[in-house]
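The following report describes the secondary structure elements of one protein chain, how they pack, and the surroundings of selected residues.

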Amino acid sequence: EMTRDMICVSCPIGCALHVELDDAGKVLSVSGNTCKRGEKYAIDECTNPVRMLTSTIRVNGGKLPVVPVKTNVPIPKGKMFECMKAINNEVADAPIKLGDILISNVCDTGADIIATNEV
């Protein structure tokens with residue numbers, strides 16, 4: 001049996017969560033949370049952690065050399081480096097509008113890389 005301690009980021013309270021896991025990594029119990037969101041956060045974080053990814057993509061023919069971008073939905077934490085490689089290999093052509101999809105379904109995550117500014 002293993003345990004894991006973490007701080008919940010579901011709301012500003014920042015509860016100190018204590019998670020008990022079996023040998024296979026299955027969550028047995030969550031304690032320390034003051035609401036249901038804390039329990040869900042702990043289970044997700046232990047079984048399938050996801051993160052938003054923010055970066056920049058190089059731009060051809062724009063006033064700026066890069067455009068800031070992010071995923072439209074969180075992606076699996078284990079796919080971060082693969083997705084960063086895809087982003088670093090991409091070059092977009094100006095003009096680029098806020099919200100433009102610059103990479104669809106990046107690395108088969110189901111997430112799109114979208115522009116967060118205009119160039």
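## Helix H1

In this predicted model, helix H1 covers residues 36-47, twelve residues in total.

The buried residues of H1 are Gly38, Tyr41, Ala42, Glu45 and Cys46. Viewed down the helix axis, these buried residues fall within an arc of 120 degrees, so they line one face of H1. An α-helix has 3.6 residues a turn, so residues three or four places apart point the same way. Lys36 and Lys40 are exposed, and they lie on the face of H1 turned away from its buried side. The buried residues pack against S1, S2, S3 and strand S4 (50-51).

## The three-stranded sheet

Strands S1, S2 and S3 form an open sheet in the order S1-S2-S3, with antiparallel pairing. S1 and S3 are the edge strands, each pairing on one side only. From one strand to the next, the twist averages 20 degrees. H1 packs on this sheet, where it touches S1, S2 and S3, and its direction makes about 120 degrees with that of S1.

Six bridges join strand S1 (residues 2-7) to S2 in the antiparallel sense. Within this pairing, methionine 2 stands opposite leucine 21 of S2, and aspartate 5 stands opposite histidine 18 of S2. Leucine 21 stands opposite valine 27 in S3. S2 and S3 form a hairpin with five residues between them, and glycine 25 in the turn has a positive phi of about 90 degrees.

In a regular strand the side chains alternate between the two faces of the sheet. Strand S2 (residues 16-21) has a covered face consisting of Leu17, Val19 and Leu21. Its uncovered face carries Ala16, His18 and Glu20.

## The five-stranded sheet

A further open sheet has five strands in the order S8-S5-S6-S10-S9, and its pairing is mixed. Strand S8 (91-93) and strand S9 (101-103) stand at the edges with a single partner strand each, so one side of each is left without a neighbour in the sheet. Neighbouring strands of this sheet are turned against each other by 45 degrees on average, direction ignored.

S9 and strand S10 (residues 113-115) run antiparallel and are joined by two bridges. Isoleucine 103 has isoleucine 113 of S10 as its bridge partner. Helix H2 (residues 80-89) packs on the sheet and touches strand S5 (54-60), S8, S9 and S10; the direction of H2 makes about 20 degrees with that of S5.

## Helix H2

Met80, Cys83 and Ile87 are the buried residues of H2. They cover an arc of only 70 degrees around the axis, which puts them on the same side of H2. Phe81, Lys85 and Asn89 are exposed on the other side of the helix. The elements covering the buried residues of H2 include S4, S5, strand S7 (75-76), S9 and S10.

Threonine 71 lies in strand S6 (residues 66-71). Is this residue buried or exposed? With a relative accessible area of 0%, threonine 71 is buried, because buried means under 20%. Its side chain reaches the backbone oxygen of valine 73 at 3.0 Å. Leaving aside neighbours within four places in sequence, threonine 71 is in contact with Met52, Leu53, Ala111, Asp112 and Ile113.

Asparagine 60 belongs to strand S5. Its relative accessibility is 43%, and it therefore counts as partly exposed. Not counting residues up to four places away in sequence, asparagine 60 touches Val91, Ala92, Asp93 and Ala94. The side chains of asparagine 60 and aspartate 93 are joined by a polar contact of 3.3 Å. Lysine 85 is 25 residues from asparagine 60 along the chain, and the C-alpha atoms of the two are separated by 19 Å.

Methods:
Residues are numbered from 1 along each chain as its sequence is written. This is a predicted model: local features need pLDDT of at least 70, side-chain atom pairs count only at pLDDT 80 or more; totals for chains, interfaces and linings use all residues. Side-chain values use heavy atoms; hydrogens and water are left out. Helices (H or I, at least four residues) and strands (E, at least two) are DSSP runs, numbered from the N terminus. Buried means under 20% relative accessible area, exposed over 50%, partly exposed in between (1.4 Å probe, protein chains only). A polar contact is a pair of N or O atoms within 3.5 Å; within protein, one must be able to donate a hydrogen and the other to accept it, and residues adjacent in sequence count only if both atoms are side-chain atoms. Contact means heavy atoms within 4.5 Å. Two strands pair if DSSP finds at least two bridges between them. Axes are lines fitted to C-alpha atoms, for helices over the stretch in contact, and angles run from 0 to 180 degrees between N-to-C directions. The expected span of a helix is 1.5 Å times one less than its number of residues. The arc is that of the directions from the helix axis to the C-beta atoms.
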